[in-house]
Amino acid sequence: MKERFAGRYFCCGSLLLVLLLVCGGCARGTLFEEKETWNIGVVLKTMDSEHWQGIRSGMENTAKQHGVNLTLFYPGNEWAEEEQKVMIRDLLDADIDALIVAPCNSTNTGWFVDLAAEKEIQLFTADTRSLDRDIPYIGIDNLEAGRLAAQYLDLKLPDHSKVAVIAGGSKQAQTVDRISSFQKEIESLRGLSYEDVTIIKEISGFADALHASKDLINADVKGVFCASAVMGLGAAASAKEMNSDLCIITIDTQDDAIKAVQSGDIDGLITQSGYEVGQAAVETVVNCLEGGARDNVYIGCELLTRDNIGKYLN
Amino acid sequence: MTFRLRIMTAILVVTLSGLSVFFFFTYYVATDLVESNYAKSLTESMQLRMEQIDGDMRNVYQKTVSLSVQPELIGVVDAYLKEYGQNAEGALKVSDYLRSQNDSPDLIDALFLYLSETDQIICSQEYRDIIEGVDSSQYIWTAKEGIGIKPLVSSDTGGDEMNTIYLYAKPVYSAEGEQVGTIAVSISERTMYYKLLDAGNLSEEYFLLDGEGYICSARQSPGADNHVSGLIDIPWDEYRTEVVISRDNGEKSICAMVKSSFTGFTLLGISEHAALVADLKQTQWLFTLMLFVMIILEVVFANKIADMLNKPLKRLIDAMKRVGRGDFAARTEADQGDEFFQLNSQFNGMVTQIDELISQVVDEQNHARQSELRALQYQIKPHFMYNTLNSIKYMAIIQGNERVGKQLSAFIELLEASLNKESDFSTLDFDLQLVKDYVSLQKYRYMGCFSMEYNISDEAKNCYVPRFLLQPLVENSILHGMDTKRNDNLIKIKANVSGGMLHIEVDDNGKGMTDEQKQKVLHQEADTKRQFNGIGVFNTRERLRLFYGQNMSFELQTELNKGTKYLIQFLADTELEEGI
């Protein structure tokens with residue numbers, strides 16, 4: 001009987017000891033640990049507009065959600081090709097698994113494609129595709145954007161009205177794509193030849209667009225497709241200043257452009273959410289690093305006007 | 001150990017164990033929770049600090065890259081080398097230019113331009129605008145093709161104090177594509193520390209480690225070869241937070257490490273564990289105090305509870321002791337419904353039963369003693385009389401009185417028969433002979449005022465009957481039924497066998513009995529002090545009942561002044577199973 005009681009006391013004592021040790025153990029050891037993760041390098045073109053800030057924000061937030069490291073650089077402006085080259089080279093020398101580039105020069109991407117292949121780093125383009133190499137692209141379909149702009153101007157403008165395009169760098173794929181599809185579409189709709197469409201390239205900012213638009217208004221141009229929201233806002237400012245009924249269609253879903261559409265200063269806005277582009281870019285890269293497909297990812301775009309923008313915002 | 005003490009001990013052990021476990025568990029869970037929350041908070045805070053460090057480094061990196069490809073810089077360098085002939089004024093112009101490019105003076109410490117042609121470093125800082133004869137082992141960045149995205153941790157490029165700096169450098173090319181020098185942008189370690197690493201309290205400290213684990217920023221400006229392994233003994237190159245115990249003083253610390261994939265730096269945060277759990281220590285003391293208070297209260301309550309539980313048991317024990325001393329009136333009381341009530345009820349019932357059994361045993365013993373005494377008495381009296389009467393009989397015969405001798409002889413036979421204890425049974429014939437002997441004696445006494453009539457079948461004569469079956473009945477008829485004033489008193493004895501049963505009748509025409517006398521004869525035991533006693537009839541009836549049980553009947557019919565009749569029947573048995 002005594003042995004049985006001794007056994008019980010021993011069991012109870014052991015249980016208590018184990019409990020105390022477990023409790024004691026709770027207060028020691030590793031409290032937090034993060035596993036090794038992917039390192040993704042990003043080189044954008046610039047950070048001078050809400051569109052690019054949106055891309056950066058989308059990339060950084062998505063990287064945090066997926067627990068991947070993101071190292072993001074951008075040159076001072078979208079013409080700084082040399083500056084971007086240094087950054088791309090430095091990132092390819094660093095310990096990264098994938099690189100996303102929005103090239104300042106879409107016609108000269110071969111060098112870093114080869115370098116990335118040599119270092120077995122997966123390469124992607126975002127917002128701006130490569131024109132000389134086949135690199136997976138994440139962004140809107142710029143050909144579709146050009147077509148939407150042409151269709152809208154055709155709808156809004158009387159016959160034989162002059163139309164123009166204000167675009168960025170001619171070495172950048174989205175400029176090339178938008179202009180070519182715009183010209184092609186306007187030709188099919190109105191029978192206008194390529195030469196009948198005024199093209200102003202190498203415009204980067206608000207002021208450039210403002211001055212260019214003034215010239216266009218003076219040249220009796222009735223409709224203009226601006227290849228970025230900042231350019232669209234510049235054109236709208238010149239139209240307002242000159243009291244012109246210039247029909248302006250632009251691109252990029254950013255706050256000031258949306259307000260301009262709501263106020264009627266800009267007639268049409270083709271959606272291109274920088275945040276969505278950034279988000280989709282990181283998601284695509286992570287997916288590829290984890291064995292997914294390495295294809296182009298197109299983000300849908302639509303035309304917003306004063307009539308439907310309320311619905312879109314809701 | 002008494003039951004009460006056991007209860008108290010059990011209550012104290014269980015309660016105090018539970019309380020101790022609860023308090024310890026609560027304390028450790030709280031500590032764990034505080035540590036976890038703090039670790040999370042520390043890690044998040046360090047992530048933010050690291051992101052800011054990365055942001056600053058990125059800005060400096062981009063600034064360096066931007067400057068390296070800036071055409072204006074090439075123009076300034078060309079002018080210095082060619083127009084100014086590398087004179088002091090030209091150097092000042094370059095220094096001014098570099099200073100003008102520092103658009104973040106709160107972050108960027110200095111800009112340096114190394115010119116390979118002149119082997120000079122021109123600095124944006126006025127007080128040391130030019131360093132001649134550059135030693136490439138001291139200024140590593142000048143001998144390289146620039147520095148990638150991971151900053152170079154180096155000692156300052158000049159001045160009296162050798163402070164630590166973080167530096168990016170990129171080659172500068174002329175319009176013709178020839179490298180003319182290197183541009184470098186630096187951040188002071190002190191600037192970085194006070195901007196992003198100063199915790200603001202002594203219990204928390206941050207260390208910035210380079211890619212090889214050397215401390216490159218801390219509260220105390222780090223010296224050369226100051227490796228983190230001299231500080232803590234954990235893997236520093238991982239993204240983790242853990243509790244470590246110092247090798248030097250054994251004190252616990254919480255260490256968190258956040259690594260940057262961009263710079264390759266690791267931010268190490270060390271927080272004193274003692275400071276973290278200082279408030280909890282107070283709570284621990286409070287718990288201990290509460291535990292002591294609880295112990296005191298527990299002893300009081302346990303005592304009370306043990307008393308309460310022990311009370312019915314004590315009552316039961318007292319009652320058992322009283323019963324043990326022979327007090328069978330002792331009983332216990334308990335509240336209904338509980339186990340003690342059942343125990344007490346069983347005990348009370350058991351004591352009652354024992355009391356009844358003991359009373360019964362005592363009665364039986366009294367009866368047995370009385371019977372024994374009476375038997376002995378019966379035994380002595382006949383023997384005494386038998387011996388005496390034998391002497392008288394022989395005297396009477398010697399003296400020639402034959403009649404007296406015959407009477408005595410009959411009486412002696414009667415006595416002999418009564419003293420014969422060999423068997424409880426005799427034949428009816430033998431029993432009738434005893435009756436006749438008895439009647440012979442009584443006729444002498446009553447001068448022949450009664451007569452006997454026997455009507456006995458032969459079959460009945462051979463039946464075995466209990467000894468002295470008829471004598472007591474005849475005696476009763478003679479002594480109490482006979483009217484001595486009459487001469488026609490008749491006692492008739494009939495016996496026959498019918499249906500396997502022996503039927504016997506003893507009938508007299510005497511005085512008969514009142515109801516009271518009848519009841520006494522049938523049910524009462526003998527009263528030896530009185531003249532009239534029914535012991536013979538009662539004994540006869542009782543013996544028949546004992547021998548035959550349900551297979552007999554004994555009936556007494558009597559009527560005052562008419563006579564008395566005994567009707568007896570029982571199993572007729574001519575084979576004696578038990579010898580006479």
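**Cores**

I began with the largest nonpolar core: of its 108 residues, A:Ile40, A:Ile100 and A:Ala281 touch the most other members. Helix α1 (residues 3-68) of chain B gives this core its largest share, 10 residues. For my own reference, a nonpolar core is a set of buried Ala, Val, Leu, Ile, Met, Phe, Trp, Tyr and Cys residues joined through C-beta atoms within 7 Å. Buried stands for 20 or more other C-beta atoms within 10 Å of a residue's own, exposed for 12 or fewer, and partly exposed for anything in between, with C-beta atoms placed from the backbone. I also noted a second, separate core of 48 residues, which includes A:Ala164, A:Ile248, A:Ile266 and A:Leu304.

**Ground rules**

This is a predicted model, where local features need pLDDT of at least 70 and side-chain atom pairs count only at pLDDT 80 or more, while totals for chains, interfaces and linings use all residues. Residues are numbered from 1 along each chain as its sequence is written, and chains are lettered from A and ligands numbered from 1 in the order in which they are written.

**A:Ile40**

Next I listed the contacts of A:Ile40, skipping neighbours within four places in sequence; among them are A:Ala63, A:Leu70, A:Ile100 and A:Val285. Contact here is C-beta atoms, placed from the backbone, within 7 Å.

**Strands in chain A**

Helices (H or I, at least four residues) and strands (E, at least two) are DSSP runs numbered from the N terminus, and two strands pair if DSSP finds at least two bridges between them. I found strand β5 (residues 122-126) running parallel to strand β6 (residues 137-140) in chain A, joined by two bridges. A:Ala126 stands opposite A:Ile138 there. β6(A) also runs parallel to strand β12 (residues 297-299) of chain A, with three bridges, and A:Gly139 has A:Tyr298 as its bridge partner.

**Strands in chain B**

I then followed β15 (residues 489-498) and β16 (residues 501-508) of chain B, antiparallel over eight bridges. They make a hairpin with two residues between them, and B:Gly499 in the turn has a positive phi of about 60°. B:Ser498 is bridged to B:Met501. On to β18 (residues 563-571) of chain B: eight bridges join it, antiparallel, to β16(B), and B:Asp507 partners B:Lys565.

**B:Ser188**

Is B:Ser188 buried, exposed or partly exposed? I got partly exposed, because it has 19 C-beta neighbours inside 10 Å. B:Ser188 sits in strand β6 (residues 179-188) of chain B. Beyond four places in sequence, B:Ser188 touches B:Asp109, B:Asn163 and B:Ile165.

Notes:
Contact = placed C-beta atoms within 7 Å.
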